Amino acid sequence: MKAAIGIDIGGTNVRVGLVLELGEVIHQSRIEVATHADGELFLNQLIRTVHEFLAFSEDLNVLGIGIGSPGANIEEGIIERASNLPWKRLPIVERLSSVFDLPVFLTNDANLFAIAEKGYGHASQMTDFLAVTLGTGVGGGVYASDQLVTGANGLAGEVGHVIYERNGRACKCGRQGCLERYVSASGVVETAKEYILAKEFPSELYGVPEHLINAQLVADSAKDGDVLAMKVFEDTGRILGEALAGFVAVLNPEAIFLSGGLSNSGDLLLKPARASFSKSLLSIYPNEPVIRTSAIPDNDAGVLGASALVWEYSKKLNESSLTEI
Ligand SMILES: [Zn+2]
């Protein structure tokens, strides 16, 4: 049975998973970043972990190792300048390749959801689609003509930092008015706080201390019929739909997949998003792209996406060796 190792590098933990071809994670491990702040120490621990995984999978045909990380320099196979990681320059591909007789692939973590959706989710038969993650921030991954779009520097798909509002909310990227300041979990909280201050709509949220207002509470209140909370989701969905219609003008995708915490609010967000999407869409398309939630569970998305890199590239390697013949 074919399998792949997926390594998902995050600011707190590095998750390593052994994944079967249909997306079943059969073995998992975690390395804490804070206690492995020295690059060499981390690489040695990672190598030990992969050795353990390979010993565990003797009866499997492990085809390769996929890695997703912030600050991935795909060309050189190194991780560098990631603001939430302690390592300045980590030659991860070279080190793993020198130890294991397996191909090692690296991509930017923002692409992992799209790769997982393509490898194991609803997009397996699609050639053109967009995956948007609505978490604390907003990330994106793009497939065009059956290829993951990486861009000139591996930084394509930063859909969260498209400017939505001129001189709008301050973003951590240093600019103002980025989309992710509006349609993320933190954006929902900010909108709710603005509406609470404005006191225009009736709400149970007026009595809630400010620090206790989070996206889940706003979603729960909206589901209970709270007028202010419903208005927050209506407006968030509208902004999202308008932005997605704009992306369609650039990419002409078959579908747009939404993932991340905020997408779990379901119709509360999707209904207004779909309505404003249809309204804002250019009228040239014979079929309107579908907006749907991702098939990939949030918790496993990183490891699944990293492992699916292996299938993605093995398929391409096979195709190119066939062409050479
Ligand atoms: Zn920004």
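## Interface between the two domains

In this predicted model, the centres of domain 1 and domain 2, taken over C-alpha atoms, are separated by 29 Å. Domain 1 is made of two segments, 2–116 and 299–324, whereas domain 2 spans 122–293.

The size of an interface is often expressed as the accessible area lost when the parts come together. For this pair of domains the buried area is about 1000 Å², with 53% of it on carbon and sulfur atoms. Within domain 1, the residues losing the most area to domain 2 are Asn111, Phe113 and Ala114, which together account for 43% of what that side buries. The table lists the contacts and pairings computed between the domains.

| Property | Value |
|---|---|
| Salt bridges between domain 1 and domain 2 | 0 salt bridges |
| Polar contacts between domain 1 and domain 2 | 2 residue pairs |

Asn111 is located in the loop between E8 and H3. Leaving aside residues up to four places away in sequence, Asn111 touches Gly140, Gly141, Leu148 and Ala156. Asn111 has a relative accessibility of 2% and therefore counts as buried, the cut-off being under 20% relative accessible area.

Key. Residues numbered from 1 in each chain as written. Predicted model: local features only at pLDDT ≥ 70, side-chain atom pairs only at ≥ 80, totals over all residues. Heavy atoms only, no water. Domains from an automatic or database assignment. Buried area = accessible area lost by both parts, 1.4 Å probe. Salt bridge = Lys/Arg side-chain N within 4 Å of Asp/Glu carboxyl O. Polar contact = N/O pair within 3.5 Å; in protein donor to acceptor, adjacent residues only side chain to side chain. Helix = DSSP H or I, 4+ residues; strand = E, 2+ residues; numbered from the N terminus. Buried < 20%, exposed > 50% of the residue type's maximum accessible area, 1.4 Å probe, protein only. Contact = heavy atoms within 4.5 Å.
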